[in-house]
Every structure is written in structure tokens, then in C-alpha cells.
Amino acid sequence: MNNAADGALGRSVRGVVDGARNTAALSWWGIVRLGLVQTCLGAIIVLTTSTLNRIMVVELALPAMLPGFLVGLHHAVQMLRPRFGHGSDVGGRTTGWIVGGMLVLALSGTLAAVGTALAETRLLAGVALCVLAFFGIGLGAGASGTSLLVTLAKHVAPERKAPAATIVWIMMIAGFAVTAGTAGHFLDPYSSLRLVQVTGCVGIIAMVVTLVAVYRLEPYGDGASKQQPVPDGHRDFRAALREVWREPEARRFTLFVFVSMLAYSAQDLILEPFAGTLFGMTPGESTQLAGIQHGGVLLGMLAVAFGGYLLRGNGPAVLRLWTVGGCLASAVALAGIALGGMAAPHWPLATNVFLLGVANGAFAVAAIASMMTLAGRGAARREGLRMGLWGAAQAIAFALGGFIGTVAIDVSRALINDPALAYAIVFSLEAALFVVAAAIGLRVRSGTRNDNNEQALPSFGKIAMAEVLDAR
């Protein structure tokens, strides 16, 4: 009897310890390896959403709304992110989804280049091929990107989540920058054949790097899912989605992500025209202004990473502070820009835009780290579905944000003769959205977790002690 109890006790201890190791097993090097995957995602996406955009409008003299529609389609398809996340929940592992999504993304990116080249001679066939390709780009980016975040949410220790989010996003930005510069070099002198070759090479490199980066990276199993079959209720996507949507924190955070990202993206397409119209900046100067903003974003991200790590004793509360504070600071910076238009050209616009970037970077990375933390709260085995739900909210917000921002400017300028006042109204509305997002963010709490190994260890200790006493 005692031997049986000791054996059961040993197996239980090993199971709990293995589960604890598996749920937070990623080292800093493992996080960087996932960042390399995000770099590959950024490398392909920047070619399809930026380079192909320019070629369609300039070299092919096609209407600007065509690439706008294609990029919007790529965002709209990512409404399927909850389904991808649910797939990784049911399977218990994410590596296959990351690799499969990257394969679809690489093939679709190359297909988009082929469609663009074909449009030079056969317009309708080329456009149809591009529509198919951008649909695939949305699928690939959604599947791979969502599963990457789920891996971080499941296997990164709580105190490392803010730095991990910063590392991964900085590496994605690096993918944008390096690919844009390198591919731009090899695209000159431009030809349709060279476009397909460069895009195909980027896709191949991204695929190889992804395979190397994720090789034996994900812990084998998640403690429970490897030993127990997935209940039928967990396999039904609609039932699982309804269950997650009934969680108050999941609903609040979905709304927060949508509102904050809508405010974040609405400024993108109107800031440079604003600088040119009211401050007389040349295209080169307004591009430099965008660079100043991105520098501020980087600083804001780093501030959250270091601040979150130094204050890791109360992770969720610190992340909420950074998230809400970043939203409010973004609102103040946008209000400053709105007022600055009235004082143009004497307003320190570059400084104001830099501060906006810092606030945007802080709130964005804190929100992503909060996603990673909150994904494991509530009903067990739903991390992927929650992350996918929030990713879909972000994608919809980005798809709508740029369009709504430009429409708001057009409508305001049509009704108001003073362009400074028209821009002030739009920037003020964006600031108000950030205030609303901050109010929602204040109501988001860390909640409880049903399958938390940190809770399981003490509980198990009590049970084990009771069993040992009984055995005696």
C-alpha cells in the first residue's frame, strides 16, 4: 500500500513539475528565435503591402484604390484568427501552425508578385491572381502570427512577457527595414521578372529561417493535453467561441483592442499630409517626420520592456498602468498636434510627433504583453482562441482605421474651409478614442486562471502531504 502511494506520489510530482516546465520553458534565446519568425513575417508583408503597392500605382499606373483594396482584403481575412487559435488549442501545439502559415504566406507573396507582373500585359488576369494571393497572405499571416503569440503566451514566464513582446516587435520592425532596403537594392533596375525573383527569394529565405528557428523550440506537450484527450466540447469552435465570449475580461479586452488600435491606425495616413498642408514640409521632410515618430515608438517599447522587467513583482498591474498611461499620453499628444495646426508653422511639430510615437509604442507593447498574460486566464485550453479573438479585433481596426481617418479628413475639409480646423477636429476625435480606450483598459483585470501550474503546485503540496500522513 505504501509502495503504491509512493509510486502515485512520484508520478504526480513528475507530472506537476513537467507541466510547470512546459508552461514557462522559453529562455531569452527561445524568445529571440520566435522573434526571427516575426522578422520573416515582416519581411514578406512589407514587400506585398508596400513595394507591390508602389509598383501598381507608379510603374503600372493603376488606380491607388486597387492596392488599397488588396491590403484591406489581407486585413479582413485575418478575422479568421480565432479559428486558427482554436486549432492550436485543440492540437495542443503551435509549431505546425507557425510553419504552415509561413509556407502559405511565402507562396502567396510570390504569387502576388506574379500577379502584379502579369497585370502589365493581362490586367484582369493579373488582378484576379493578386486577389487570390492577398487572400492567401491574410491566411498565412493570421495562422503564423496568431500561433507565434500563443506560443509566447503559453511558454514565457510572466516577468518576461513585456520584454518578450518588445523583442518580438522590434525584430518585426527590423524585418521591415532590412527587407525594404535590401530588396530595393536588388529591384533596380526594375523589371517584372526581377520582381518575381526577389519576392521568391525573400519567401524561400523566410521559410528556411522559420524552420531553423522553431526546430525543437516548443516544449513537447503542455502537461495535460499530451496525456488526456481533448474533450468534445473543446473541439467545437462555435461552442468554444461562445464560452470565451461569455468571459467578461475577454469581452472587455476585445473592445479595448479594437478601440485603441482604431485610434492608433487612424493617424497613419493623415499625419504626413497634415505636415505638408499646414507646415509646408516637402515629401522628404514629412518622410523624416515619420522616421522621428518610429524612433519614438521604439523608445516607448524599450521603456515598457525595462520598466516591466524591473517592476515584475506585480506584472498585470504594471502592464495595465503602462497600457492605460500610454493611451492617455497618446491622447494628450494628439491633442497637442490638433492645437499645433492652429499655430503652424511655429509649433514644435517634430517634438510633438516624437512624443506621440513614445506614447504609441508604450501602449502598443504593453497591450501585446497584456494579451499574452490574459490569454491564459479563464477557462482552460483557450489561449489560442483568446489570442485569435484579439488579433481579429486588431486586424479589423487596422482595416477600418486608415480608411476612416482619410474619409474624416475629406468630409471635414469639404464642410470646413479652414484646413487647420478640419485637421484639429479629426485629431481631436482620435484623441477622444484613446481616452475611451483608457477607460475600458482600466476595467480590465487579470481575472483568475483555472489551469495555472503556479496554483497547482501549492494545492498539490497539500494533497501530497495529506497522502504521506495517511500512509504513515
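Buried here means under 20% relative accessible area, exposed means over 50%, and partly exposed is in between, with a 1.4 Å probe and protein chains only. Keep that in mind for Ala61, which is exposed, with a relative accessible area of 62%.

Before going on, the ground rules. This is a predicted model, in which local features need pLDDT of at least 70 and side-chain atom pairs count only at pLDDT 80 or more, while totals for chains, interfaces and linings use all residues. Residues are numbered from 1 along each chain as its sequence is written, and side-chain values use heavy atoms, with hydrogens and water left out.

Helices are DSSP runs of H or I with at least four residues, strands are runs of E with at least two, and both are numbered from the N terminus.

Most residues other than glycine have a negative phi, and most peptide bonds are trans. Ala61 has a positive phi of about 55° although it is not a glycine. Ala61 sits in the loop between α2 (28-59) and α3 (65-77). Arg216 also has a positive phi, near 55°, and is not a glycine either. Look for Arg216 in the loop between α8 and α9 (232-235). Arg216 is exposed, at 72% relative accessible area.

Now the cis bonds. The peptide bond from Asp188 to Pro189 is cis, with omega near -10°. Pro189 belongs to the loop between α7 (161-187) and α8 (192-214). From Ala344 to Pro345 the peptide bond is cis as well, with omega near 5°. Pro345 is in the loop between α14 (315-342) and α15.

Next, a helix on the inside. How many of the residues of helix α4 are buried? In α4 (residues 81-91), 9 of the 11 are buried, so this helix is largely enclosed by the rest of the structure. Among them are Arg81, His86 and Asp89, along with Phe84 and Val90. After α4 comes Gly92, with a positive phi near 85°.

On to packing. Two packed helices are described by the angle between their axes and the distance between the axes. Axes are lines fitted to C-alpha atoms, for helices over the stretch in contact, and angles run from 0 to 180 degrees between N-to-C directions. Angles under 35 degrees count as roughly parallel, over 145 as roughly antiparallel, 65 to 115 as roughly perpendicular, and the rest as oblique. A crossing is left-handed if the near helix is turned anticlockwise from the far one by less than a right angle, and right-handed if clockwise.

Helices α5 (residues 95-118) and α6 (residues 123-155) pack at about 160°, their axes 7 Å apart. That makes α5 and α6 roughly antiparallel to each other, and α5 passes α6 in a left-handed crossing.

Helix α11 (residues 248-266) has two partners to show. With helix α15 (residues 349-374), the axes come within 12 Å and cross at roughly 160°. α11 and α15 are therefore roughly antiparallel, and their crossing is left-handed. With α16, the axes of α11 come within 7 Å and cross at roughly 30°. α11 and α16 are therefore roughly parallel, and this crossing is right-handed.

Which side chains pair up around α11? Side chains of opposite charge can pair when their charged atoms come close. The rule for a salt bridge is a side-chain nitrogen of Lys or Arg within 4 Å of a carboxyl oxygen of Asp or Glu. By this rule there are 2 salt bridges.

One joins Glu247 and Arg386, at 3.0 Å from N to O. Glu247 is in the loop between α10 (237-245) and α11, Arg386 is in helix α16, and the pair links distant parts of the chain, 139 residues apart. Glu247 counts as buried at 15% relative accessibility, and Arg386 is buried at 1%.

Arg252 and Glu249 form a salt bridge at 2.7 Å, N to O. Both lie in helix α11, 3 residues apart, about one turn of the helix. Arg252 is partly exposed, at 23% relative accessible area, and Glu249 is partly exposed at 21%.

Last, the surface of α16. Patches are made of residues with over 30% relative accessible area and no salt bridge, where like charges are joined within 9 Å and nonpolar side chains (Val, Leu, Ile, Met, Phe, Trp, Tyr) within 5 Å. Accessible areas come from the Shrake-Rupley method with a 1.4 Å probe, and for residues only the protein chains shown count as cover. Leu400, Phe403, Ile404, Val407, Val411 and Leu415 make a nonpolar surface patch of about 560 Å². Val407 lies in helix α16 (residues 383-415) and is partly exposed, at 34% relative accessible area.
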